[in-house]
Amino acid sequence: MKGIFITMEGPDGAGKTTQIEKLRDYLEEQGYDVLLTREPGGTVISEAIREILLNPEYKEMKPETELLLYASARAQLVQQVIGPAVEAGKAVISDRFVDSSVVYQGIARGLGIETVYEVNRPAIGKYMPDATFLLDLPAEVGIARKKNQAELDRMEQESLEFHKKVRDGYCALADRDPERILKIDATLPIDSIYDMIKSRVSELLAC
Ligand code: TYD
């Protein structure tokens, strides 16, 4: 079996986890050994970097520091987990990948898309996703869904204006790369969203 790499993107609170679990079940039914991972995280080192990135006390963190830490966590994850799994013929589903850096650091933080790709090139190597699902949600709705949580992390504490830039950035990215990125309205019922994901993945498997 040829390995596949699928990523799920979207703002905080868009429901990525639910869809990832459904997609895992589907891919297992298709005979795949499925590996789930998340960014930032997925290895001991990357989870340690995640703690730094999301710590709400580190308000003084500079955008450049943030960009490099996300890329560092990614480099470790790709080399230690994603790359070997894809080469072994597994299906890898990642909750977020480099598109998050493009949107959050490149667009919302204003560091620029090209800078983000340059920094991430050594982190990613040849491993770009075969398909990406963008669960699109108005910023206000995403924030309202997350507000029920006990404590918001450093990124979630960002302003509504920041989260609106994230949303617009994701939409622009999906418009630029419709072959890879499928944008889905995350306010639709869970099963409708899942049907769209399944249909795109079954096309991918037929290739
Ligand atoms: P997480 O709790 O995983 O968010 P979610 O449940 O919404 O997926 O936190 C990850 C946060 O890090 C999220 O706010 C998005 C942000 N992020 C970046 O800014 N750049 C990146 O490259 C990645 C992977 C995540």
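Glu66, Arg109, Arg154 and Glu158 are linked in a network of salt bridges (side-chain nitrogen of Lys or Arg within 4 Å of a carboxyl oxygen of Asp or Glu). The model is predicted: local features need pLDDT of at least 70, side-chain atom pairs count only at pLDDT 80 or more, and totals for chains, interfaces and linings use all residues. Residues are numbered from 1 along each chain as its sequence is written, and side-chain values use heavy atoms, with hydrogens and water left out.

Helices (H or I, at least four residues) and strands (E, at least two) are DSSP runs, numbered from the N terminus. Glu158 counts as partly exposed, at 27% relative accessibility. Buried means under 20% relative accessible area, exposed over 50%, and partly exposed in between (1.4 Å probe, protein chains only).

The whole structure holds 13 salt bridges. One of them joins the side chains of Asp95 and Lys16, at 4.0 Å from N to O. Asp95 lies in strand E3 (residues 91-95) and Lys16 in helix H1 (residues 16-29), so this pair ties together parts 79 residues apart in sequence. Both Asp95 and Lys16 are buried. Another salt bridge connects Glu140 with Lys164, with the closest N and O atoms 3.5 Å apart. Here Glu140 belongs to helix H6 and Lys164 to helix H7, 24 residues apart. Glu140 is partly exposed, with a relative accessible area of 40%. Lys164 is also partly exposed, at 38%.

Aromatic contacts come next. The structure holds three aromatic pairs. Rings of Phe, Tyr and Trp (its six-membered ring) pair if their centres lie within 6.5 Å; planes under 30 degrees apart count as stacked, over 60 as edge-to-face and the rest as tilted. The ring centres of Phe5 and Phe97 are 4.9 Å apart and the planes stand at 85°, so the pair is edge-to-face. Phe5 lies in strand E1 (residues 4-9) and Phe97 in the loop between E3 and H4, 92 residues apart. Both Phe5 and Phe97 are buried. Tyr104 and Phe162 have ring centres 6.2 Å apart and planes at 50°, so this pair is tilted. Tyr104 is in helix H4 and Phe162 in helix H7, so the contact ties together parts 58 residues apart in sequence. Tyr104 and Phe162 are buried. Ring pairs link Tyr104, Phe162 and Tyr170 into a cluster.

Charges also sit over rings (NZ of Lys or CZ of Arg within 6 Å of the ring centre and within 35 degrees of the ring normal). Arg74 lies over the face of Phe97, 5.7 Å from the ring centre. The charged end of Lys22 sits over the ring of Tyr194, 5.1 Å from its centre.

The secondary structure comprises eight helices and five strands. Along the sequence, the pattern is β-α-β-α-α-β-α-α-β-α-α-β-α. The C-alpha trace spans about 45 × 35 × 35 Å along its principal axes. Of the 207 residues, 49% count as buried. Residues 24 or more positions apart account for 77% of the contacts with a separation of 6 or more (contact means heavy atoms within 4.5 Å).
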